[in-house]
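My notes follow in the order in which I checked things.

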Protein chains: 2
Amino acid sequence: MTPDWIAVDWGTTHLRAYAMGPDGVLAEGGSPKGMSALAPGDFEAALLEVIGDWLPAGQMTEVLACGMVGARQGWVEAPYRAVPCAPVARDGLCRVATQDARLDLRIVPGLCQTRPAADVMRGEEVQIAGALAVRPGFDGVICLPGTHSKWVQVSAGEVVSFQTFMTGELFALLSAQSVLRHSIAATGWDAEAFAAAVSETLSRPERLAARLFGLRAAGLVGDQAPETARARLSGLLIGAELAAARPYWLGQAVLLVGSEATCAPYAAALTAQAVPAETLPAGACTIAGLSKLRGT
Amino acid sequence: MTPDWIAVDWGTTHLRAYAMGPDGVLAEGGSPKGMSALAPGDFEAALLEVIGDWLPAGQMTEVLACGMVGARQGWVEAPYRAVPCAPVARDGLCRVATQDARLDLRIVPGLCQTRPAADVMRGEEVQIAGALAVRPGFDGVICLPGTHSKWVQVSAGEVVSFQTFMTGELFALLSAQSVLRHSIAATGWDAEAFAAAVSETLSRPERLAARLFGLRAAGLVGDQAPETARARLSGLLIGAELAAARPYWLGQAVLLVGSEATCAPYAAALTAQAVPAETLPAGACTIAGLSKLRGT
């Protein structure tokens with residue numbers, strides 16, 4: 001197998017690589033050596049562990065990488081491009097010098113915004129480009145749920161503005177490391193409790209801070225099930241995100257990009273607000289976005 | 001030195017004890033053996049390490065202990081008393097059998113509430129009783145800022161209702177364990193940024209979720225100082241607490257009980273809302289509250 005090029009999605013905690021042929025993915029591989037686990041000098045070896053066998057001797061193979069690998073704490077800092085701009089651009093790529101002469105490696109820069117509020121993204125810009133490749137001519141709002149959810153206004157092929165929410169990270173911290181961990185199940189769900197919590201926060205966002213400890217108290221004083229508490233915490237936090245992101249989704253159709261599991265609660269919450277939401281898988285969007293960046 | 005009795009404040013992370021004489025504190029001591037560091041069988045030894053030397057041989061000394069020592073994961077579970085009720089009551093004390101015959105140990109139960117929302121407290125009820133001893137006849141609102149802040153409606157010597165906020169724990173998790181840690185100083189302050197953030201959340205509470213990641217982005221894209229980010233995070237979270245606690249403080253004077261450092265930002269935020277706020281020190285209130293529980 002000799003790939004035409006290699007697509008790499010290199011985030012904070014994971015590295016995922018795809019050997020690409022004329023008809024799509026020939027092979028894929030990965031490792032837990034994300035950006036946060038590596039010092040600058042360790043990135044090349046971590047990459048070769050995963051893709052080394054795919055590289056033919058005596059020639060260079062184009063490798064396009066996106067995500068936190070291009071952060072200040074990553075392999076090489078790929079300076080942000082400022083919105084409004086196309087989500088990705090070939091001439092924005094950051095070329096990286098490598099020891100192994102078979103690598104023609106380029107890192108995709110993230111996007112930054114100074115107005116209306118300071119914000120940054122790294123990796124999602126490629127998924128946005130991929131979503132636009134899958135839905136050519138799309139104009140409107142893309143939401144990428146995750147550790148740091150992004151809401152993105154797209155028009156005429158450009159990212160106009162975006163906003164980041166720490167919803168996924170807040171859920172992880174509160175459910176696993178705060179006092180709420182005693183009352184919250186690690187798995188399980190309660191769709192009704194989720195919907196009620198989203199609705200509560202959307203209608204009374206100023207009450208959010210008063211609801212959180214109640215998840216603990218309702219397990220001590222009452223008989224709230226830990227699965228209900230889990231769905232309710234998710235609902236309160238996604239409700240708070242939707243309350244703050246209302247200017248993005250009100251009266252719009254929303255394109256969700258992410259894993260099915262991550263997007264499903266967002267789709268349910270948006271549908272309950274009469275907002276149509278279609279989900280595109282993140283992995284396919286990443287590959288489609290990187291494909292647009294290939295050299296010709 | 002032979003104390004008349006011993007006051008013990010035994011929380012999640014610390015044990016603090018006071019040898020009490022007719023005119024107040026004769027001696028004090030402490031250890032880092034809080035409830036979370038101890039198995040049920042280890043509590044007596046941990047207590048004797050601190051107070052053993054104060055106990056005369058051949059007689060029993062009354063020891064009154066409050067805080068998480070009485071939680072389900074503590075030494076002995078002291079069942080909650082339900083509000084409305086006086087903050088403490090002698091006949092609610094939970095007597096604990098000990099190996100050492102010199103100990104006459106009683107644990108103060110916490111308070112619970114089922115309406116208007118499930119809530120619990122352990123330890124603060126003693127500080128409330130102490131504040132009422134220091135300000136006899138006080139009717140109104142007491143706020144006890146901390147890891148889990150409490151807002152308490154007091155009337156005719158009884159706790160009528162209360163509400164817990166996870167503000168201190170949220171600040172600790174976000175500033176030390178989330179992605180914001182890269183942009184937030186461990187110490188330092190910016191009073192102007194704090195006041196602006198409180199005001200922002202109070203006037204637009206629905207925007208809270210959109211502000212948090214901005215603390216990171218403003219350090220990457222702009223030139224926000226880490227001390228400013230620290231004050232701003234505190235302001236956003238205390239603003240969210242005040243927005244949710246508005247029914248407690250609106251048009252009221254508030255009695256703050258806690259350490260000077262913990263109460264100062266609350267006093268500043270309330271004063272900016274034209275709410276008079278007086279601060280009482282937590283330690284003195286704990287001792288005053290336990291004093292009211294002594295046997296006669």
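Entry 1, the chain contact. I began with the interface, keeping in mind that the model is predicted. Chain A and chain B bury about 3,300 Å² between them, and carbon and sulfur atoms give 70% of that area. On the chain A side, I found that A:Met166, A:Phe213 and A:Val221 lose the most area to chain B, together 19% of what that side buries. The contact involves 41 residues from chain A and 42 residues from chain B.

I noted zero salt bridges between chain A and chain B. Polar contact is present there, in eight residue pairs. Several elements of chain A supply at least two residues each to the side that touches chain B, including β12 (158-165), α3 (167-177), α5 (208-220) and α6 (226-244). I recorded α5(A) as the source of the largest share, 10 residues. By class, the chain A side has 24 nonpolar, nine polar and eight charged residues.

Chain A is divided into domain 1 (1-109) and domain 2 (123-296). I read 28 Å between their C-alpha centres. In the contact, 23 residues of domain 1 meet 19 residues of domain 2. The buried area is about 1,700 Å², with 72% from carbon and sulfur atoms. Within domain 1 of chain A, A:Trp5, A:Pro87 and A:Val88 lose the most area to domain 2, together 30% of what that side buries.

I found one salt bridge across the domain interface. A:Arg294 and A:Glu62 pair through their side chains in a salt bridge, at 4.0 Å from N to O. I also noted two residue pairs in polar contact between the domains. On the domain 1 side, β1 (5-10), β2 (15-21) and β4 of chain A are the elements that give two or more residues. Of these, β1(A) gives the most, with four residues. That side holds 18 nonpolar, one polar and four charged residues.

I picked A:Thr61, which lies in strand β4 (residues 61-66) of chain A. Is A:Thr61 buried or exposed? I logged A:Thr61 as buried because its relative accessible area is 2%, below the 20% cut-off. Among the residues that A:Thr61 touches are A:Trp5, A:Ile6, A:Leu55 and A:Arg102.

In chain A, A:Glu77 forms one with A:Arg72, with the closest N and O atoms 3.5 Å apart. A:Glu77 is partly exposed at 36% relative accessibility, and A:Arg72 is exposed at 53%.

B:Glu62 is buried at 11% relative accessible area, whereas B:Arg90 is partly exposed at 34%. Over in chain A, salt bridges that share partners join A:Glu62, A:Arg90 and A:Arg294 into one network.

Conventions. Residues are numbered from 1 along each chain as its sequence is written. Chains are lettered from A and ligands numbered from 1 in the order in which they are written. This is a predicted model: local features need pLDDT of at least 70, side-chain atom pairs count only at pLDDT 80 or more; totals for chains, interfaces and linings use all residues. Side-chain values use heavy atoms; hydrogens and water are left out. Buried means under 20% relative accessible area, exposed over 50%, partly exposed in between (1.4 Å probe, protein chains only). Contact means heavy atoms within 4.5 Å. Buried area is the accessible area (1.4 Å probe) that two parts lose on being put together, summed over both. A polar contact is a pair of N or O atoms within 3.5 Å; within protein, one must be able to donate a hydrogen and the other to accept it, and residues adjacent in sequence count only if both atoms are side-chain atoms. Ala, Val, Leu, Ile, Met, Phe, Trp, Tyr, Cys and Pro count as nonpolar, Asp, Glu, Lys and Arg as charged, and the others, Gly among them, as polar. Domain bounds come from an automatic or database domain assignment. Lists of a residue's contacts leave out its neighbours within four places in sequence.
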